[in-house]
Amino acid sequence: MGKPLNIGVIGAGAISGAYAATLKDLDCLRVAAVTDLDRARAERLAGTLPGEVAVAGTADALLARDDVDAVLNLTLPAVHATVSLAALRAGKHVYSEKPLAARREEADVLLAESRARGLRVGCAPDTVLGTGIQTARRAVDDGEIGTPVAATAFMTTAGHERWHPDPEFYYRPGGGPLLDMGPYYLSALVHLLGPVARVAGAASRSRAERLIGSGPRAGTRFPVEVDTHVTGLLHHVGGAVTTLVMSFDIQAARLPRIEVYGTTGSLSVPDPNTFDGVTSLSRGTGEWEPLPASAGYRPGARGAGLADLADALATGRPHLASAELAAHVLDVMLTLLDAAEHGGTLPVTRATGRPDAVPGPVTTFRSAD
């Protein structure tokens, strides 16, 4: 595909290792520089990447570099919008971890800035570009279940404090099960059924405190500041209705991740937090037939969306993990929480179209030699 897109990574926390595992094997991308508030972490990340990777002292220093074409924003969610806006104003394309922003207005500013400057902004999750969700989407588009009429989506766990050594941020404003895991499920549902027009919801929290269950702080109690069980009804523009449950309050369940129900059949969709998995089809007989992978990027891994953005820049097409989709998903989540607090059904005001599918059959990114 010619000249690689030069990447500057801002943020070298835990998720950066998953991205590094992808970036080092793709010839459409080259990491030119990394930075982190903790220089030692930045140096460790740079050491895992091929070639000469500079360690910049600050984010501003990285953004000033001429050899950085695009920024991979892996900072804390609370500052995603601030870092992405600075990158755009420095003339760089951006790919951000989710969420795109903490507030609707921040997302609006990012979209306006990118359009004014002619720069691209992409956003995780890119799991929806893998063979799991894209095979399910192909089945919907090919009419395998008739006209979609409904879907269910469930993410249930007893809470991240059981395994995470510093889980407090999951239970502070900006956290909770919906804002944490909702982007995976909602991005998949928009791919499968189209954008959401309006929502209704209910929410609760089971207790005022949680207990850290692992690591050096095990046994420490901390306050819960957000609702930890969220149920929603999503009315899609095309007419389908999704029932959504996102919970940190369920000890065990046998619920599916996502199912889509049509006039002639049903689909069982794999975990949207992964890139692959098996989609199964029932044609109303009670039997389930696994479908072979028919679309999507393989192998799927964090960074596929950034690689897609690089290819989109080179070929002049829209990139698939777009800021427009991320802004719509953010608005769906925040509107659902508003509806849960105030009651009634509320409109989703940040509209988007249904994202394009990954074109063609299963696509493999070419690895570096």
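Phe169, Tyr170, Tyr171, Phe222 and Phe248 form one aromatic cluster, where rings of Phe, Tyr and Trp (its six-membered ring) pair if their centres lie within 6.5 Å, and planes under 30 degrees apart count as stacked, over 60 as edge-to-face and the rest as tilted. The model is predicted, so that local features need pLDDT of at least 70 and side-chain atom pairs count only at pLDDT 80 or more, while totals for chains, interfaces and linings use all residues. Residues are numbered from 1 along each chain as its sequence is written, and side-chain values use heavy atoms, with hydrogens and water left out.

By the ring rule the count comes to four aromatic pairs. One of them joins Tyr170 and Phe248 in an edge-to-face arrangement, 6.5 Å centre to centre and with 90 degrees between the planes. This pair links distant parts of the chain, since Tyr170 lies in the loop between β7 (148-156) and α7 (177-193) and Phe248 in the loop between β12 (241-247) and β13 (258-262), 78 residues apart; helices (H or I, at least four residues) and strands (E, at least two) are DSSP runs numbered from the N terminus. Tyr170 counts as buried because its relative accessibility is 11%, and Phe248 because its value is 0%, where buried means under 20% relative accessible area, exposed over 50% and partly exposed in between (1.4 Å probe, protein chains only).

Tyr171 and Phe222 form a tilted pair, 5.4 Å centre to centre with 55 degrees between the planes. Here too distant parts of the chain are linked, with Tyr171 in the loop between β7 and α7 and Phe222 in strand β10 (residues 221-223), 51 residues apart. Tyr171 is buried, with a relative accessible area of 0%, and Phe222 counts as buried at 3%.

Glu161 is also found in the loop between β7 and α7 and is buried, with a relative accessible area of 4%. Leaving aside residues up to four places away in sequence, Glu161 touches residues including Tyr171, Phe222, Arg207 and Arg210, contact meaning heavy atoms within 4.5 Å.

The helix to consider is α8 (residues 304-315), whose twelve residues should span 16 Å at 1.5 Å a residue, in agreement with end C-alpha atoms 16 Å apart; the expected span is 1.5 Å times one less than the number of residues. Among the buried residues of α8 are Ala304, Gly305, Leu306 and Asp308, and what covers the buried residues includes β1 (5-10), α1 (14-23) and β2 (29-35). Just after α8, Gly316 takes a positive phi of about 80 degrees.
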